[in-house]
Amino acid sequence: MARKRSREKEPSREDYMLREQLKIEEGIFDNRTMLRIGKLFTKGLVSSMEFIIARGKEADVYLADGGDKLDKEFLALKIFRMENARFQNRMKYIRGDPRFGKIKRNIYAIVNEWCKKEYGNLLVAEAAEVHAPRPYAFSGNVLAMELIGKEGKPAKVMRNETLDDPAGVLDTILEDTRKLYQNELVHADLSEYNILMLGKVPYMIDFGQAVHIKHPSSMNFLRRDVENILFYFSKKYGIEKDVETVFNEIVE
Ligand SMILES: Nc1ncnc2c1ncn2[C@@H]1O[C@H](COP(=O)(O)OP(=O)(O)O)[C@@H](O)[C@H]1O
Ligand SMILES: [Mg+2]
């Protein structure tokens, strides 16, 4: 069976989306994930699942209807996949962050830790008043958060939009990066893929890898974030800003 499968072609994106949709309709998430979604139902946060918004690199994100304890009609559920492949990659963002002690080395524990970490990072983003989804709850590998979108329509990734006011958007992103830093957090995976445009306002998402500023690599991650964003705005919109100047404005 395994041999046969490995010879098969990778499913197309359409096939994948369809299969994910069927998962919702037939309720065929794995048992653990089902139980965790069930907990969110019991808490009154979720009343039903709608559809898959996107397949991310380490998680699938779903649109769900809010339950009676949620003051919003919709929410987003990020469900982390239990994969070994990205495991080593993840460790460098957990190890060295003083908020994390000893963690078990099995994949379930790490994925759960990662989900909890994203939840905690989103709380910091909320306290820092940056544009980011408000976290509602997490359970194991399932993170419930504010839907960035309008009337149940998820916002688009900045990368797929052409901005009317790129300079203004860039200023907001850098200001939010500064606010995060002032609240002792570095996003560490900032790019045009992890920013959603809600109308004219950029929202940062995907905080799993964000690190505390005491992490030994936090300054490298911050510089890389600034470089990525400035490179994108330079390439796509011809806006030139000096990396070192911007970096210093953030950390001063
Ligand atoms: N709160 C949200 N509201 C609306 N869409 C979201 C939200 N969070 C994630 N998404 C969508 O899901 C995609 C993957 O989410 P992301 O957090 O970037 O996961 P990954 O770590 O797998 O890249 C995003 O590109 C975005 O399209
Ligand atoms: Mg992402």
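In this predicted model, the shell around ligand 1 is made up of 14 nonpolar, four polar and five charged residues. In total, 23 residues surround the ligand, and the closest of them are Ala54, Gly56, Val61, Ile148 and Asp206. Domain 1 (9-150) and domain 2 (154-251) both contribute residues to this shell, so ligand 1 lies between the two domains.

Several strands take part as well. Each strand in the table supplies at least two residues of the shell around ligand 1.

| Strand | Residues | Supplied to the shell around ligand 1 |
|---|---|---|
| Strand 1 | 46-55 | at least two residues |
| Strand 2 | 59-66 | at least two residues |
| Strand 3 | 74-80 | at least two residues |
| Strand 5 | 142-146 | at least two residues |

As for the chain as a whole, its secondary structure consists of eight helices and twelve strands. The chain has 252 residues, of which 33% count as buried. Among contacts with a separation of 6 or more, 60% join residues 24 or more positions apart.

Helix 5 covers residues 107-127, which is 21 residues. At 1.5 Å a residue, helix 5 should span 30 Å, and its end C-alpha atoms are 30 Å apart, so the two values agree. Which residues of helix 5 are buried? They are Ile110, Val111, Asn112, Trp114, Cys115, Lys117, Glu118, Tyr119, Asn121, Leu122 and Ala125. The charged residues Lys117 and Glu118 are thus on the buried list. After helix 5 comes glutamate 129, which has a positive phi, near 60°.

Notes: Residues numbered from 1 in each chain as written. Chains lettered and ligands numbered in written order. Predicted model: local features only at pLDDT ≥ 70, side-chain atom pairs only at ≥ 80, totals over all residues. Near = placed C-beta within 6 Å. Helix = DSSP H or I, 4+ residues; strand = E, 2+ residues; numbered from the N terminus. Domains from an automatic or database assignment. Buried ≥ 20, exposed ≤ 12 C-beta atoms within 10 Å, placed from the backbone. Contact = placed C-beta atoms within 7 Å. Expected span 1.5 Å × (residues − 1).
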